[in-house]
Structure formats: structure tokens, C-alpha cells
Amino acid sequence: MHAKTDSEVTSLAASSPARSPPRRPLYYVQSPSRDSHDGEKTATTSFHSTPVLSPVASPPHSRHSSSTRFSKKDHSLNNNKHPPWKQVDIIEEEGLLFQGDDHHNTLPRRCYFLAFVVGFLLLFSLFSLILWGASRPMKPKISVKSIKFDHVRIQAGSDATGVATDMITMNSTLKFTYRNTGTFFGVHVSATPVELSYSEIVIASGNMKEFYQTRKSLRLVRVAVMGNKIPLYGSGASLSSTTGMPTVPVALNLKFVLRSRAYVLGKLVKPKYFKTIKCSITLDPKKLNSPVPLKNSCTYD
């Protein structure tokens, strides 16, 4: 080999390209994970897998994109991570919201219950009104049959104050029929005292025993009408006789009120029926102990 001359060395140095400056080492940046529990694992993995150029070696646009990516990650991390006191406030606010929703939802339930009660009462009232209206035409039918005078006697005496007057004693039996025309209900029947009067003086009376009459049924009722030593004062002059019996027919009046009450729906629907019965009776001394027909002699109001 021959030694190179200075000219050759100079030409080689001029012709050879300029050497590039030495590259600087790469840096690795750890990106925080969203899950705090997996932070250590992710950090280790990213440390070995995410290369990032140094600020000097990397171009300007790389620095800008990296800073933008880091700012987005930090922003999302700040949004997802809250301090413990903020988490407590959020839980309390959510609880208040749920309580408000429950309170708002309980109002319609109360309204539904109130509407159900009102509707039930309206339907029940309508049903009761229908039953009451259906029971109105089913009034009982009463028919007075006869009265029999068992004993009549007029004698002299004195009243409680010692005033002398004629006094009458009488025993009689009244018969009448009671028919319940109701199809769906029975009735409880009572009556005022049955009074037999002469010249506006009550000479005999009797009380009817209360009874219950079932639906669509008929009953024959007997009432004992009696009077014992009833003062007649001036009215007894025409009735007195030596035998103690009236010698002429005597006009008498019979009156009583018959009351009927039906329990259609317990004590809520209980229609009432009243009948005022008046009869004109003629007492014939010759027909004692014989029934006196009253079929055509009575009025029913």
C-alpha cells in the first residue's frame, strides 16, 4: 500500500458527507389509568410500552399533540375522580331526589284510594236507592173482617172524683187480616191502641201484639178490645135500662193506626208504611156474641 498524499486526504474529506449529530435517548412517560385499583399494573405496562420523544428531539407538532392528549386525559381523570366529601354530597343529593320522587308518587295513590272510597259510597247509595224505590210500591194490604161483642153492661156508679154517672163495661174481639206484598223482604208490624168510642168517649181499647210478617204471606190478627166501668156522664142516659143492656142499636167508632217497617238493607234502607183505619160500627143488642161484618164499613188512609 502506498501512503496517501495530502491532496487525497483533503479530497476525501471534502467528498464524504457530513456526519449527523448523535441521537439523544428516548423518554418514557407513565399515563395514569382511570381505575385507581389497576394503576400500578397499567403504569408498569405503559412504562415498557409507551415511548415518547424528548422535547428537543421531537418535532413541534408532536409536542403539541402530546400535550393535547395529556390535557384530555387529565380532564377526564378529574371528571371521573371526586374527593370523598364530594362523593358524599352526590349520594345525599341523589337520596333527596329519590325521596322527592317517592313523595311525589305517594300523592296519586292517596287520590286513588279516595276515589275508590267515593265511588264505592256512590254505588252503594245508588243500590240502596234502587232497593228503596223497588220497595215503595209493595205496601201491605189490610182488611178488617169483623168485631164480636162478647159482653156489654151498663150500670150506675161514680167516677174517681165521686161524681155519680152511668158506667159501661164491654168485652169485644176485633179481627183483621194483614198481607205482606213484599217479594224480597219481611216487615215488622206494630199498632197504636185500638180504640172504640161512643160520643167521643173512649169506652174500650186494646193493644195489638207486635209481630214479624215474612214476604208474600198473610196473617189473621185478633185484638181484644175491652173497657171496665168507663164513665159515660150525660151520654149514658139513652143507653141505661133496668136490665143493664142497651135497648136500641148504638153507633160506635173504631180507630187505630197500623205501622209497618221493612229492613231491606239492614238499618240503612228501611221503608215505613202507615195505615190509619177507621170503622163505623153499629152495636145491636139482639146480635151479641155474633160477629159484626166490617168489610164495607172501614176506611184505610
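1. In which element does K229 lie? The residue belongs to strand β9. The model is a predicted one, and in it K229 has a phi near 55°, a positive value in a residue other than glycine. Most residues other than glycine have a negative phi.

2. K216 is placed in the loop between β8 (211-213) and β9. With a relative accessible area of 56%, K216 is exposed.

3. For the chain as a whole, the model contains four helices and 13 strands. The protein chain has 301 residues, of which 27% are buried. Among contacts between residues at least 6 apart in sequence, 69% join residues at least 24 apart.

4. The pairing of β3 and β4 deserves attention. These two strands run antiparallel and are joined by 16 bridges. One of the paired positions is G157, which has T165 in β4 as its bridge partner. The two strands form a hairpin with five residues between them, and G162, in the turn, has a positive phi of about 95°. β3 is also joined to strand β12 (residues 291-293) by three bridges, in the antiparallel sense; here K148 has P291 as its bridge partner.

5. A further antiparallel pair is formed by β10 and β11, over 12 bridges. Within it, A251 stands opposite T282 of β11. β11 is also joined to strand β13 (residues 298-300) by three bridges, and these two strands run antiparallel. I277 faces Y300 of β13 in that pairing.

6. The loop between β10 and β11 holds V264. Is V264 buried or partly exposed? V264 counts as partly exposed, because its relative accessibility is 21% and buried means under 20%. The C-alpha atom of V264 is separated by 10.0 Å from that of G182, although the two residues are 82 apart along the chain.

7. Which residues touch the most other members of the largest nonpolar core? They are F149, M170, L174, F176 and L252, in a core of 43 residues. Each of β3 (141-158), β4, β5, β6 (194-198), β7 (201-206), β9 (217-233), β10 and β11 supplies at least two residues of this core.

8. L252 may be followed in more detail. Leaving aside residues up to four places away in sequence, L252 touches F149, M170, L196, S197, Y198, I203, C279, S280, I281 and L283. One of these, S197, lies in strand β6. S197 is buried, because its relative accessible area is 17%, under the 20% limit. With the same exclusion of residues up to four places away, S197 touches V202, I203, L252 and N253.

9. How many cavities of 30 Å³ or more are counted? The count comes to one cavity. The largest cavity holds about 40 Å³ of space. Its lining consists of I168, M170, Y198, I203, L239, P246, V250, L252 and L283. β4 (164-180) and β10 (250-262) each give at least two residues to this lining. By class, the lining has nine nonpolar residues, with no polar and no charged ones.

Notes: Residues numbered from 1 in each chain as written. Predicted model: local features only at pLDDT ≥ 70, side-chain atom pairs only at ≥ 80, totals over all residues. Heavy atoms only, no water. 1 Å grid on protein atoms, 1.4 Å probe; cavity = no way out; pocket = protein on both sides within 12 Å on 5 of 7 lines; lining within 4 Å. Points joined across faces, edges and corners; volume = space filled by probe spheres on them. Nonpolar A, V, L, I, M, F, W, Y, C, P; charged D, E, K, R; others polar. Core = buried A, V, L, I, M, F, W, Y, C linked by side-chain atoms within 4.5 Å. Buried < 20%, exposed > 50% of the residue type's maximum accessible area, 1.4 Å probe, protein only. Contact = heavy atoms within 4.5 Å. Pairing = 2+ DSSP bridges.
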